[in-house]
Amino acid sequence: MGNTPGREEMDLLSEEIRKCRRCPLWKEAINAVPGEGSVDAAVLFIGEAPGKREDQTGRPFVGRAGRLLDRLLRDIGLSRETVFIANIVKHRPPGNRDPREEEILSCSPYLERQIRIIRPEIIVTLGRHSMRFILSRLPVEFGRITDARGRVYAGVLFDVPVRVIPTFHPAAALYNPAYRAGLEEDFRTVQRELHDNNQEGR
Ligand code: URA
């Protein structure tokens, strides 16, 4: 697995992302956070942008929200090694502000290339920015995250047939424990969708 063409392509892409100067976010960041996991993953998780710990380490979801994500993955029999975890924006917005539309637009070609390399069966969007970015590229109607979460949206994204399952951002559950049950429920939907197609993370 370590030497597949997909792995090499992803490693080259990660190098390119580390050198990215397409928008000014790199200036205040310590590290770019390209994303990590299996290039053969059946499930791709997409967050918003790196936070402080991610900026320090260059790895996605390693802070408190990441620990919750690890637990949610484990509870449905998945791990960081069997899935791929990425963000829409690869450098940390200062002070963890929301990424701006122009930052999302200049960074998103990297995510598009990651999706084309991985060709995931299922994309789980974490939070409303990621949900909006992905679902608006499919011919589907969707509303607020409280309504869209846990639904399964099928379509073709960047030439890849996918099922998209939006859910809350794990950080939201840290601030508002009421979201925790929703996240757990949506992760069980991911598990069911995988099993219905006879796959265990691929
Ligand atoms: N929040 C995100 O959206 N992504 C990370 O990598 C960490 C926190």
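Reply: Helices (H or I, at least four residues) and strands (E, at least two) are DSSP runs, numbered from the N terminus. Glu-112 and Arg-116 both sit in helix α4, 4 residues apart, or about one turn of the helix. This is a predicted model, where local features need pLDDT of at least 70, side-chain atom pairs count only at pLDDT 80 or more, and totals for chains, interfaces and linings use all residues. Residues are numbered from 1 along each chain as its sequence is written, and side-chain values use heavy atoms, with hydrogens and water left out.

Back to the pair. Glu-112 and Arg-116 form a salt bridge, with the closest N and O atoms 2.9 Å apart. A salt bridge here is a side-chain nitrogen of Lys or Arg within 4 Å of a carboxyl oxygen of Asp or Glu. Side chains of opposite charge can pair when their charged atoms come close. Glu-112 is partly exposed, at a relative accessible area of 25%. Arg-116 is partly exposed too, at 36%. The cut-offs are under 20% relative accessible area for buried, over 50% for exposed, and partly exposed in between (1.4 Å probe, protein chains only).

Glu-103 has a salt bridge to Arg-97, at 2.7 Å from N to O. Glu-103 is buried, with a relative accessible area of 5%. Arg-97 is partly exposed, at 23%.

Next comes Asp-98. Its side chain meets Arg-128 in a salt bridge of 3.6 Å, N to O. That pair links distant parts of the chain: Asp-98 is in the loop between β3 (84-87) and α4, Arg-128 is in helix α5 (residues 128-135), and 30 residues separate them. Asp-98 is partly exposed, at 40%. Arg-128 is partly exposed as well, at 47%.

Now the loop between α4 (101-118) and β4 (122-126), which holds Arg-119. Arg-119 has a phi near 50°, a positive value in a residue other than glycine. Its relative accessible area is 42%, so Arg-119 counts as partly exposed.

Asp-159 also has a positive phi, about 70°, although it is not a glycine. Asp-159 lies in the loop between β5 (153-157) and β6 (160-167). At 56% relative accessibility, Asp-159 is exposed.

Glu-36, Arg-59, Asp-70 and Arg-80 are linked in a network of them.
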